[in-house]
Amino acid sequence: MQTKHFKYIQEIVQCGSITKAAEKLWLSQQALSRIVDHMERELGFKIFERTNKGVRVTNKGEKFLTDIERMMAIMATWEQQREEKYKVRVLLQYVLSDLILDETF
């Protein structure tokens, strides 16, 4: 299971349809359905109940979505922290190079 698959699940819920979500994600409906099937096999439960009108989240799927939302929030925080560290590192590189070029270091 990859983190992008969690985003796919969230998009399916938002759209209420695998077909509509696939269009927004630039995937074929078949590819997205296979990903969902694979995730459900891996998890050992159905995330969605398929209907003629789209999909409905199962009870276990609801719990899984809550967990996904928490994980995605944590990952966003990590990403933000990483970006901040990266910005600091780049700034330090510029400061050090200026000091070296200035020969006062």
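Within the largest nonpolar core, which comprises 19 residues, Ile9, Ile12, Leu32, Met39, Phe48 and Ile68 touch the most other members; such a core is a set of buried Ala, Val, Leu, Ile, Met, Phe, Trp, Tyr and Cys residues joined through side-chain atoms within 4.5 Å. Two or more residues are given to this core by each of H1, helix H2 (18–25), H3, strand S2 (54–57) and H4, where helices (H or I, at least four residues) and strands (E, at least two) are DSSP runs numbered from the N terminus. The model is predicted, with local features requiring pLDDT of at least 70 and side-chain atom pairs counting only at pLDDT 80 or more, whereas totals for chains, interfaces and linings use all residues. Residues are numbered from 1 along each chain as its sequence is written, and side-chain values use heavy atoms, with hydrogens and water left out.

When neighbours within four places in sequence are set aside, Ile9 is in contact (heavy atoms within 4.5 Å) with Val36, Met39, Ile47, Phe48, Leu65 and Ile68.

The structure also holds 2 aromatic pairs, defined for rings of Phe, Tyr and Trp (its six-membered ring) by centres within 6.5 Å, with planes under 30 degrees apart counted as stacked, over 60 as edge-to-face and the rest as tilted. Phe6 and Phe64 form an edge-to-face pair, at 6.2 Å centre to centre and 70° between the planes. Because Phe6 lies in helix H1 (residues 3–15) and Phe64 in helix H4 (residues 59–102), this pair ties together parts that are 58 residues apart in sequence. Both Phe6 and Phe64 are buried (under 20% relative accessible area, with exposed over 50% and partly exposed in between, for a 1.4 Å probe and protein chains only).
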